[in-house]
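Morning, everyone. I have one structure to walk through today. Please take a look at the screen.

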Amino acid sequence: MSTIAKLLSSKDIRLDMEVSSRENLFQEIARHMECAHGMPQEWVFQSLTRREKTGSTALGKGVAIPHARVKDLQQIHLAYIRLRQPIPFAAPDGKPVSDILVILVPKEATEEHLRILSEVTQMFSDPQFRQQLRQCSKAEETKRLFDGWLIPA
């Protein structure tokens with residue numbers, strides 16, 4: 001089982017979210033993380049915004065991986081969001097983003113953070129995985145797809 005499968009919960013999968021901008025997306029992520037996990041909304045929003053200012057976390061092909069270290073976070077949290085309408089994200093291919101995997105890590109989780117980023121990049125580089133992901137209509141179905149993804153040897 002992949003690290004992502006272990007860390008991503010169905011309650012952290014949001015399908016067809018409506019947002020108008022990256023800032024609005026980060027506000028929604030922060031609100032969700034506060035409600036679902038008790039993380040201070042402002043810390044999550046500021047951490048994601050600060051990281052994004054250093055360079056876009058968009059990979060291209062409609063995918064972004066916003067990630068950040070969050071003050072006083074005790075464990076890694078992931079969230080997958082599929083937007084109803086893609087938004088501009090300064091992607092290398094210039095295309096708007098609709099698939100977002102959020103990675104929030106404690107300040108000390110450097111090695112694990114890099115391993116997760118690598119795994120997510122491999123996962124979303126797979127065109128078949130992206131296509132199947134966009135066909136999922138429920139959080140549980142989406143979670144099963146993440147659970148079934150195998151890291152290439």
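**Helix packing and cysteines**

Start with two helices. Helix H2, residues 22-37, packs against helix H3, residues 41-53, at an angle of about 145 degrees, and their axes are 8 Å apart. Helices here are DSSP runs, H or I, of at least four residues, numbered from the N terminus. Axes are lines fitted to C-alpha atoms over the stretch in contact, and angles run from 0 to 180 degrees between N-to-C directions.

Which residues make the contact? From H2: Arg 22, Glu 23, Phe 26, Gln 27, Ile 29, Ala 30, Arg 31, Met 33 and Glu 34. From H3: Gln 41, Val 44, Phe 45, Leu 48, Thr 49 and Glu 52. Contact means heavy atoms within 4.5 Å.

A word on the source. This is a predicted model; local features need pLDDT of at least 70, side-chain atom pairs need pLDDT 80 or more, and totals for chains, interfaces and linings use all residues. Residues are numbered from 1 along each chain as its sequence is written, and side-chain values use heavy atoms, leaving out hydrogens and water.

Next, Glu 42. Glu 42 sits in helix H3. Glu 42 is partly exposed, because its relative accessibility is 46%. The cut-offs: buried is under 20% relative accessible area, exposed is over 50%, partly exposed is in between, with a 1.4 Å probe and protein chains only. From Glu 42 to Arg 31 is 11 residues in sequence and 8.8 Å in space, C-alpha to C-alpha.

Now the cysteines. Cys 35 is exposed, at 67% relative accessible area. Cys 136 is buried, at 5%. How many disulfides? The count is 0, taking a disulfide as a pair of cysteine sulfur atoms within 2.5 Å.
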